[in-house]
Amino acid sequence: MNTLLQEKINAVIPNLVAVRRDLHKHAESAWTEFRTASMAITKMRELGYEVTMGADAVCKEAMMGVPAEAVLAGHMERAVRQGADPELVAKMAGGMTGFWADMTFAEEGPFVAVRFDMDCNDVSECDAADHRPNAEGFASVNSGAMHACGHDGHVAIGLALAEVVAGMRDQLKGKIRFIFQPAEEGVRGAMPMEKAGAVEGVEQIFGMHIGFQANKIGTVICGTKNFLATTKADITFTGVPAHAGNAPEEGKNALLAAATALLNMHAIPRSGKGDTRITVGKLIGGEGRNVIPPKAVLVLETRGITSDLDAYMFGEVKRIAKAAADMWGCGYSIDIKGGTKSGESDAEIAALVAEEARAMGVFDNVIELKDFGASEDYSHFMSTVQAAGGKGTYVQVGSDLMAGHHNGHFDFDETSLTNALTLMGRCVVRSMGK
Ligand SMILES: [Zn+2]
Ligand SMILES: [Zn+2]
């Protein structure tokens, strides 16, 4: 079985780098992955997969942090100009770029899902001549949008894996689902897809990332513990403007309300039950030197090692926002921009991945389970699957990184694409082989 798998993998390798580079060049950020999804859907249909997309794959009401209509319209137009299928793009109106693609094999067997994220970062690609995307002509042509996390590689791996799997359909049993999710950055994309049924009935789920904690080419982390649950929100305080010299008493100072809230949010008592975080990353407020500030916005996030702990932190944030607004006679509103659950890979699935990784002979550092200490909205899919009795893991495939993730100088060693594809292929065959 593994010989046939290797043959199929060898056949798709020559195209892997080209696909990754094409996606890198046409980077699209959260909820605007129109071209990426269009290319991927077309390919998946060609391979014989049954695609669920648009409003059927993304629950519109649950979408968070969606760009304004005009921005979406501009990006839809750009996608078509850059080669996307106009009909497919039209079906993704409103930013519903997520989709899943199924293949059911003749013999009954497990329902396995593999998930890949598609979005790039709101980062400008650096213009250094020695940055490889510049030197080799595949730097992003979309300004302010850059694949600085490696999701271009993830989509390339997903499509290659889909081709390998389709080529082995006679050797496999059960049903496989490829989930291509938008808006992983800001942890916004998984929940609306889960609400639309993306992981309903899934018994086993695999997710993966290039690099991250596995920042050397020979390293692989087969399972991840302690994804942090997180909530992202903007809180707007609304006051009343007034002349700062002759009538400050007539004003209601929204900037002071926001500042009061900010300081007290950072003073939320930490829980004895586990790790928590709070960061107010941005405070925007006021109008001018001599105007009582009528408006201020806090851009913040909470995290917790469990979903309950994140809920505790965010509950306190809400209580403090209300109290601070009351104290300064201001109004306030909370706009949730993103969030995800905590999560933990199943040790037995991670052990299975580790066995396959060791058998490949290309990894000199196989780590079975590692604390993640960050958030990834794959954990929303995985914990949903687990809550229904299924199992899952999240794999980090080692790559030498030219700079940290989300940095304009980011790039990765492309041999990690082949390693990731091979490892995922082996895991699928192991779970679904006849
Ligand atoms: Zn990222
Ligand atoms: Zn990422």
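# Close-up views of a predicted model

**Figure 1. Surroundings of Ala-420.** Leaving aside residues up to four places away in sequence, Ala-420 touches Ile-157, Met-208, Ile-210 and Val-397. The structure shown here and in the other views is a predicted model. Ala-420 belongs to helix α12, which covers residues 415-432. Is Ala-420 buried or exposed? Within 10 Å there are 28 other C-beta atoms, so Ala-420 is buried; the cut-off for a buried residue is 20 or more. Leu-369 lies 51 residues from Ala-420 along the chain, and 17 Å separate the C-alpha atoms of these two residues.

**Figure 2. The nonpolar cores.** The largest nonpolar core contains 99 residues. Which residues have the most contacts inside this core? They are Val-395 and Met-424. Met-424 touches Val-114, Ile-157, Leu-161, Phe-206 and Met-208, when residues up to four places away in sequence are not counted. A second core is separate and has 31 residues, including Ile-235, Phe-314, Cys-330 and Phe-372.

Figure 3. The protein is divided into two parts: domain 1 takes in 2-208, 355-364, 378-387 and 401-432, while domain 2 takes in 229-340. Taken over C-alpha atoms, the centres of domain 1 and domain 2 are 36 Å apart. How many residues of domain 1 are in contact with domain 2? There are 8 from domain 1, in contact with 7 residues of domain 2. On the domain 1 side of this contact, the residues are 3 nonpolar, 4 polar and 1 charged.

**Figure 4. Strands β1, β2 and β4.** Strand β1 (residues 50-53) and strand β2 (residues 99-104) run antiparallel and are joined by 4 bridges. Val-51 has Ala-101 in β2 as its bridge partner. Strand β2 is also joined to strand β4 (residues 173-181), by 6 bridges, and this pair runs antiparallel. Which residue of β4 is the bridge partner of Phe-99? The partner is Phe-180. Asp-102 stands opposite Arg-177 in β4. In a regular strand the side chains alternate between the two faces of the sheet.

**Figure 5. Strands β3 and β4.** Strand β3 (residues 107-117) and β4 are joined by 8 bridges. Do these two strands run parallel or antiparallel? They run parallel, whereas β2 and β4 run antiparallel. Asp-117 stands opposite Gln-181 in β4.

**Figure 6. Helix α8 and what surrounds it.** Helix α8 is made of 12 residues, 254-265. From its first C-alpha to its last it reaches 16 Å, close to the 16 Å expected at 1.5 Å a residue. Why is α8 described as largely enclosed by the rest of the structure? The reason is that 9 of its 12 residues are buried. The buried residues are Ala-254, Leu-255, Leu-256, Ala-257, Ala-258, Ala-259, Thr-260, Ala-261 and Met-265. They pack against the strands β8 (229-238), β9 (276-285) and β10 (295-304), and against helix α9 (307-327).

Figure 7. Helix α9 has 21 residues and reaches 30 Å from its first C-alpha to its last, close to the 30 Å expected at 1.5 Å a residue. Its buried residues are Ser-307, Leu-309, Asp-310, Tyr-312, Met-313, Phe-314, Val-317, Ile-320, Ala-321, Ala-324 and Ala-325. What covers them? The cover includes β8, α8, β9, β10 and β11 (331-340). Just after α9, Gly-329 takes a positive phi of about 65 degrees.

**Figure 8. Two loop residues with positive phi.** Trp-31 is not a glycine, yet its phi is positive, about 70 degrees. Trp-31 sits in the loop between α1 (2-25) and α2 (34-46). It has 28 C-beta neighbours inside 10 Å and therefore counts as buried. Asn-226, likewise a residue other than glycine, has a positive phi near 55 degrees. Where is Asn-226 placed? Asn-226 is in the loop between β7 (224-225) and β8. With 20 C-beta neighbours inside 10 Å, Asn-226 counts as buried, because the cut-off is 20 or more.

Notes: Residues are numbered from 1 along each chain as its sequence is written. Chains are lettered from A and ligands numbered from 1 in the order in which they are written. This is a predicted model: local features need pLDDT of at least 70, side-chain atom pairs count only at pLDDT 80 or more; totals for chains, interfaces and linings use all residues. A nonpolar core is a set of buried Ala, Val, Leu, Ile, Met, Phe, Trp, Tyr and Cys residues joined through C-beta atoms within 7 Å. Two residues are in contact if their C-beta atoms, placed from the backbone, lie within 7 Å. Two strands pair if DSSP finds at least two bridges between them. Domain bounds come from an automatic or database domain assignment. Ala, Val, Leu, Ile, Met, Phe, Trp, Tyr, Cys and Pro count as nonpolar, Asp, Glu, Lys and Arg as charged, and the others, Gly among them, as polar. The expected span of a helix is 1.5 Å times one less than its number of residues.
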